[in-house]
Amino acid sequence: MVNLTINNKPVSVREGITIFEAAKQNNILIPHFCYLEGVHQIGSCRICVVEVEGARSLQASCMVQVREGMKVHTNTSKVKKARKVLYELMLSDHPRDCLSCARNQNCEFQKLGELIQINEFRFEGEKSKISVDESSPSIVRDTSKCILCRRCVTICNQVQGVGVLNAQKRGFKTQIGPAEELPLNSVNCAFCGQCTTVCPVGALQEKDSIQTVWNALFDKNKRVVIQTAPAIRAALGEEFGYNPGTLVTGKMVTALRDMGFHDVFDTNFAADLTIIEEGHELLQRLINALTGDKTATLPMITSCSPGWIKYVEHTFPEELEHLSTCKSPHMMLGALVKSYYAKKIGVDPKDIFVVSVMPCTAKKFEITRPEMVNDGYPNVDAVLTTRELARMIKDAGIEFKELAGGKFDDPLGLSTGAADIFAATGGVMEAALRTVYEVVTGRELPFDKLHVTPIVGLSQIKTAELKIENPLPEYRFLDGVTVKIAVTSGLAGAKKLMTEVAGDNSPYHFIEVMGCPGGCISGGGQPRPTNNMVRKLRLEAIYKEDEGKELRKSHQNPFITKLYDDFLEKPLGHRSHELLHTHYVKRGI
Amino acid sequence: MMANQKGACECRQETEEQKYQRISRVIEEYKGREGSLIQILHMAQGIFGYLPLELQQFIAQKLDKPLSEIYGVTTFYSFFATKPRGENTIRVCLGTACYVRGGKKIIDRLQEILSIGVGETTGDGKFTLEVMRCIGACGLAPAITINDQVYKQVNPDKLQTIIEKYY
């Protein structure tokens, strides 16, 4: 323990922590700005400066560790003056167009201003160069709003290991962005959108699809179908003042119906379908490998996360054979809506507009891929992030908290618990194992509450082994085989596993990758802030949703069975291949 | 390649491929050493004359670093050039001592003589004009360098004569 005084109050704290943390533990919240606990502590904004007796200058409290006998003052005239000038200087190079900014009332810079209270703009002068990069279908960069905190740089480089964003040039000319002012759609950006979740201002945002969706809703000739990803229900509530981890599935469905969507479907249905298709694909690859087919490509890697897909297309273009050919669930659902469902309700697919609510910014890119078109119609017409949906609900004048619970529409709204956990890192793998293990052995997956505990949680790379014993006769060749699996979330972890794959020394049969740390529950389109505590609460909510369901294995979904009987015929069949599977593009860097 | 009979420097005749081989060897030697990026870029500029984007991409890949990081470094330090330089690089010191002793006037006069702005290269490829913040020759202020040669206590009227030496 270290003893020091903060504002003349003696405190005793753990060694190695920063002044900022020590103060926080003792109920003093030092005004701060660029700081992100445990992720970004580089003191770039200097807002958190404090006076330390004996030190020559003010110290950034998020950087300096506590020392024995230190005397810290967080609220002196000198500190307050410095903080105010720093804020005013940042503000002098900011557009101050808050009312026309998407981050209005939800901006950390604005919040800081509320606390610092300036009553005039003392510093007027030249503004740094403005560039708005709208080249990507997912993310908009507006450098005029950037205050150079570099959180996005840390996320993009250290957390995701992609490194598209870095500080370019120097001094007043400094800009955060790709090399040579290249637009985002011409570099190896995965469009994961993690940068948009940490940007404190409106410099990095999802590309807005709100008006497109309203226009569709106002068009009398359109049948507007909406689907929501499993992760939305565990996070949307945060936008309406609920604590993280509050499930709002029923209210969300009611809100969507009240807004005028004709059909409210659940991407979960297609998650169950993914398990059937992907599970069979895995079995097929295992059969091929075990029967001596040297072209069988293992490990097989999941393909639900479009940020991950774009990353691997750029970074490991020679390894695309490892990816499952399954489209991501919402694309499958879109394809089914415009074929199977259109026929069922007798509506021309050209009059159907499919909207997906996703926790993800990369999904906005995914729907523009030329592979995601069937019979000339895009599988999905628009993607809204969780944040955008919340803005639309508020705009529609819906009192979200007062809503009664509703239920998804049949038939594409029913799902099992296995589909819910698609939102969580490890979830797709667990859902697949629940089905594949049972198909092969005729027995239930041997884990408590069906949770494959070694692959649950927020560790970067999680692995497990599953030995197959006494399989059903048709799977006799799998007897005694130990299936090795790995799960990772976040692209830095993916890079480690892919380096093994590329070097032909990956020991695994099946790998799950989700592009964002923690999985879709903390995707790039989810409510701000997302930190590890929020991640844990959202994960718990997802597992609660799963455990609360009577049906918890994808192959138990009765509408899936019916879909195969009536339409698809069999997993990996001709129609499945046409509608539900895809291929990938070698992009390189 | 045939040996140069006069035994003069052959680097002008080096092919792109040979240059890339040379920088590859440099990268191999420095790779893994903390903080070696600037050294590598420095030597790359020595070999190629400047740091085109393709070269930065090449270095990024070899070092397993993102291009945006490399580019961030090359655009941070004014010593690095991302466009081809002229045959001779004139650097005018605008550090405090040189500035107060008339560095700015030297810049103005040079821009006039060469008809180019700071950071630009003359149409005949003869000169590139750059500004440095202190070259460590404050006692000789105002100072300029042309390539590796330092010119001390320069005044605007001397500049024409100095430049003519390079034609």
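Colleague: In what order do the three strands of the open sheet in chain A stand?

Modeller: This is a predicted model: local features need pLDDT of at least 70, side-chain atom pairs count only at pLDDT 80 or more, and totals for chains, interfaces and linings use all residues. Residues are numbered from 1 along each chain as its sequence is written, while chains are lettered from A and ligands numbered from 1 in the order in which they are written. Strands (E, at least two residues) and helices (H or I, at least four) are DSSP runs numbered from the N terminus, and two strands pair if DSSP finds at least two bridges between them. The pairing in this chain A sheet is antiparallel, and the order is β6-β7-β10.

Colleague: Which are the edge strands of that sheet?

Modeller: Look for strands that pair on one side only. In chain A these are β6 (132–133) and β10 (204–206).

Colleague: Which residue of β7(A) stands opposite D133(A)?

Modeller: Strand β7 of chain A covers residues 139–142. Two bridges join β6(A) to β7(A), and the two run antiparallel. Opposite D133(A) stands R141(A).

Colleague: How many residues of strand β11 (residues 223–228) of chain A are buried?

Modeller: A residue is buried if 20 or more other C-beta atoms lie within 10 Å of its own, exposed if 12 or fewer, and partly exposed in between, with C-beta atoms placed from the backbone. R223(A), V225(A) and Q227(A) point one way from β11(A), V224(A), I226(A) and T228(A) the other way. The strand is largely enclosed by the rest of the structure, because the buried residues number six of the six.

Colleague: In β12(A), which residue is the bridge partner of V225(A)?

Modeller: β11(A) runs parallel to β14 (residues 352–358) of chain A, joined by six bridges. There R223(A) stands opposite I352(A). Four bridges join β11(A) to β12 (residues 263–266) of chain A, also in parallel. On β12(A), the partner of V225(A) is D263(A).

Colleague: Are α9(A) and α15(A) roughly parallel, roughly antiparallel, roughly perpendicular or oblique?

Modeller: Helix α9 (residues 306–315) and helix α15 (residues 491–502) of chain A pack at an angle of about 45°, with axes 11 Å apart. Axes are lines fitted to C-alpha atoms, for helices over the stretch in contact, and angles run from 0 to 180 degrees between N-to-C directions. Under 35 degrees counts as roughly parallel, over 145 as roughly antiparallel, 65 to 115 as roughly perpendicular and the rest as oblique. Therefore α9(A) is, relative to α15(A), oblique.

Colleague: Which residues of α15(A) meet α9(A)?

Modeller: Two residues are in contact if their C-beta atoms, placed from the backbone, lie within 7 Å. From α9(A) come W308(A), Y311(A), V312(A) and T315(A). Their counterparts in α15(A) are L491(A), A494(A), K495(A) and M498(A).

Colleague: How are α1(B) and α2(B) oriented?

Modeller: The axes of α1 (residues 16–30) of chain B and α2(B) come within 10 Å. They cross at roughly 165°. That angle is why α1(B) is, relative to α2(B), roughly antiparallel.

Colleague: Which residues of α2(B) make the contact with α1(B)?

Modeller: The α1(B) side supplies K19(B), R22(B), I23(B), V26(B), I27(B) and Y30(B). The α2(B) side supplies Q39(B), I40(B), M43(B), A44(B), I47(B) and F48(B).

Colleague: Which helix gives the largest share of the side of chain B that touches chain A?

Modeller: Nine residues of chain B are in contact with twelve residues of chain A. Seven residues on the chain B side come from one helix, residues 67–76, and this largest share belongs to α4 of chain B.

Colleague: What is omega for the peptide bond from L298(A) to P299(A)?

Modeller: P299(A) is in the loop between α8 (267–290) and β13 (300–301) of chain A. The bond from L298(A) to P299(A) is cis, with omega near -5°.

Colleague: Is L148(A) buried, exposed or partly exposed?

Modeller: L148(A) is not a glycine, yet its phi is positive, about 60°. L148(A) sits in the loop between β7 and α4 (151–159) of chain A. With 17 other C-beta atoms within 10 Å, L148(A) is partly exposed.
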